[in-house]
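I opened this structure to take some short notes. I wanted to follow a few residues and see what surrounds them.

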Amino acid sequence: MSRPMNDEEVMNEMNKMVAFIKQEAMEKAREIKIKADEEFAIEKAKLVKQEQQAIDAQYDKKRKGAEVAQKMKVPIYAQSTLTNKSRLKLLQRREEHLQDLFSASRQDLQRLASDDARYVQFLEGVITQAFLQVLEPSVTIHARKSDVGLVQQAADNAAKTFTDLSGRTIDHDVEGTLSDDGAGGIKLISGSKRITVDNTLDERLRLLEDRMLPEIRKDLFGPNNNRKFYT
């Protein structure tokens, strides 16, 4: 017959259970983050494809027109200097095209926030992810004033998912403090004020732009032979 556990043994077992639950919650958080990033990347890739043909045509037309005009006006001995200037202008044009593409992407993000069903689903995913990241008993969720109702709905659902995954409860307040000029999303601050999770659409787009910029450059302009280690 087994003997009853003493206080130290009980505490050890509880610590093991807590560690197991926390590990399981962190793994689920990583899964949710990967899924959210993949879905966001798919949306961004669609936008890139939509803009690519128009940008390619516009770029080629301007480049060819500039080359013809320059060859007609400039003597042969000045072609070398002109070529260098043309390359600089070409780089500038490319950067302008990229910025136009990103600007169009930001405008399309506003359509996501205008589709309540898709937007609430997105919010629920990123809020659940943030809950699992901070693992604290209370948090404050900052949103656009116009989004407070939808964010509250998404946060309530996310809290239930969080409890199912971690076995913990979480109190959350929603405040409409973010600018309505932003594209949407949320910013979460832990109750201890030590952790901030920025899951606004603007920030996620910025991170995605940084991550996908080499790939977008390659898709739009082809590989750059002058870069050995990145495109």
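Entry 1: I began with R204. Leaving out residues up to four places away in sequence, I found that R204 touches A36, D37, F40, F122, V126, Q129 and N199. I am reading a predicted model here. I placed R204 in helix α5. Is R204 buried or exposed? I looked up its relative accessibility, which is 8%. Buried means under 20%, so R204 counts as buried. The side chains of R204 and N199 are joined by a polar contact of 2.9 Å.

**Entry 2: the core.** Next I looked for the largest nonpolar core, and it has 37 residues. Which of them touch the most other members? I noted L123, I127, F131, I141, V151, I186 and L188. Then I checked which elements supply this core. At least two residues each come from α1 (7-73), α2 (79-114), α3 (116-134), β1 (138-144), α4 (148-166), β3 (185-190) and α5 (201-221). Helix α3 gives the largest share, with 10 residues. I also wrote down a general point: in soluble globular proteins, nonpolar side chains tend to be buried together.

Entry 3: What does I127 contact, apart from its neighbours within four places in sequence? My list reads I141, V151, A154, A155, A158 and I186. Among these, I141, V151 and I186 were already in my notes as core residues that touch the most other members.

Entry 4: V10, M11 and M14 make a nonpolar surface patch of about 260 Å². I found M11 in helix α1. M11 has 45% relative accessibility, so I put it down as partly exposed.

**Entry 5: two positive phi values.** Last, I looked up backbone angles. L135 is not a glycine, yet its phi is positive, about 50 degrees. I located L135 in the loop between α3 and β1. Its relative accessibility is 14%, so L135 counts as buried.

K193 is not a glycine either, and it has a positive phi of about 70 degrees. I located K193 in the loop between β3 and β4 (196-200). Is K193 buried or exposed? At 60% relative accessibility, K193 counts as exposed.

Note on methods:
Residues numbered from 1 in each chain as written. Predicted model: local features only at pLDDT ≥ 70, side-chain atom pairs only at ≥ 80, totals over all residues. Heavy atoms only, no water. Core = buried A, V, L, I, M, F, W, Y, C linked by side-chain atoms within 4.5 Å. Buried < 20%, exposed > 50% of the residue type's maximum accessible area, 1.4 Å probe, protein only. Helix = DSSP H or I, 4+ residues; strand = E, 2+ residues; numbered from the N terminus. Contact = heavy atoms within 4.5 Å. Patch = residues over 30% accessible without salt bridge, like charges linked within 9 Å, V, L, I, M, F, W, Y side chains within 5 Å. Areas by Shrake-Rupley, 256 points an atom, 1.4 Å probe, with all protein chains shown as cover. Salt bridge = Lys/Arg side-chain N within 4 Å of Asp/Glu carboxyl O. Polar contact = N/O pair within 3.5 Å; in protein donor to acceptor, adjacent residues only side chain to side chain.
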